[in-house]
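Have the picture open beside you and follow along as I look things up.

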Amino acid sequence: MHPTWNDRSRTAEIKENFVNYPVNTIETAPEAARPTLVAAQKGFGFLPNLLAVMSTAPALLEGYLTLSKIFDGSSLSAAERQVVLLAVSRENGCAYCMSVHTAIAGMQNVPADAVNAIRDDATIPDPKLEALRRFAAAVTRARGWVSEEDSAAFLAAGYGPQQVLEVVLGVGLKTISNYTTHIAKTPLDAAFKPLEWSGAA
């Protein structure tokens, strides 16, 4: 069946009024999100665009930040957590998150050669971090259906079942921000522009 005039008109109307995902300020955000944004602005020194965009859905904002705190409390070190978050962001082709986590990794003294290797899709010189990078990417790419070989290589590098599941936690956390950014086209903050990553597929 060919679309009717009304169908075509409705399609044009939807395109014209396509959903906008605003980069909110504390004043324009939904009231339920404002206390969270105030705290975030105080913590970061500015309000990151990702959180400003997420604030349109206060539950998403709260869920993301809560999960982030939980991931910070895992047995993985700060450097290992950043390797996971960078590896997932690269696998998902999220330029925004790659840029932001490059900056965060630098602040947390993650070896620059490890960060650069992930940005360039190269091998991390540290074998244990490389095993972590590969496993996090495999979990993301395979949607959890990792092969026995992938799991065995990760365990052989010195990790255990707890870290396997903590990688799953990190993948879930970063998938939230990657997907939000893809859908909303979150603009990169000026603070992260010097570290902008443009290697997304």
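Here are my entries, from the whole chain down to single residues.

**Ground rules.** I am working with a predicted model, where local features need pLDDT of at least 70, side-chain atom pairs count only at pLDDT 80 or more, and totals for chains, interfaces and linings use all residues. I number residues from 1 along each chain as its sequence is written, and side-chain values use heavy atoms, with hydrogens and water left out.

**Whole chain.** I began with the secondary structure and found 10 helices and zero strands. My helices (H or I, at least four residues) and strands (E, at least two) are DSSP runs, numbered from the N terminus. I then looked up the extent of the C-alpha trace, which spans about 60 × 50 × 30 Å along its principal axes. Of the 201 residues, 41% count as buried; buried means under 20% relative accessible area, exposed over 50%, and partly exposed in between, with a 1.4 Å probe and protein chains only. For contacts (heavy atoms within 4.5 Å), I took pairs at least 6 apart in sequence, and 67% of them join residues at least 24 apart.

**The core.** Which residues have the most contacts inside the largest nonpolar core? I noted Leu37, Leu51, Val84, Tyr96, Ile124, Leu132 and Val167, in a core of 48 residues. Such a core is a set of buried Ala, Val, Leu, Ile, Met, Phe, Trp, Tyr and Cys residues joined through side-chain atoms within 4.5 Å. Among the elements that give two or more residues to this core are α2 (34–44), α5 (78–91) and α10 (161–184). In soluble globular proteins, nonpolar side chains tend to be buried together. Leu132, leaving out residues up to four places away in sequence, touches Glu80, Val83, Val84, Phe154, Tyr159 and Val167.

Is Gln82 buried or exposed? Gln82 is buried, because its relative accessible area is 5%. I found Gln82 in helix α5 and His101 in helix α6. His101 has a relative accessible area of 7%, so it is buried too. Beyond four places in sequence, His101 is in contact with Gln82, Leu85, Leu86 and Lys174. Gln82, counted likewise, touches His101, Ile104, Ala105, Gln108 and Val110.

**Leu65.** This residue lies in helix α4 (residues 58–72). Leu65 is partly exposed, because its relative accessible area is 22%. Apart from neighbours within four places in sequence, Leu65 is in contact with Thr36 and Leu51.

**Helix α10.** The 24 residues of α10 should span 34 Å, and the end C-alpha atoms are 35 Å apart, so the two agree. Just after α10, Lys185 takes a positive phi of about 55°.

**Rings.** How many aromatic pairs does a search of the whole structure find? I got four aromatic pairs, where rings of Phe, Tyr and Trp (its six-membered ring) pair if their centres lie within 6.5 Å; planes under 30 degrees apart count as stacked, over 60 as edge-to-face and the rest as tilted. Phe44, Phe46 and Phe192 form one aromatic cluster. I also saw the charged end of Lys128 over the ring of Tyr159, 4.7 Å from its centre; this needs NZ of Lys or CZ of Arg within 6 Å of the ring centre and within 35 degrees of the ring normal.

Technical notes
Expected span 1.5 Å × (residues − 1).
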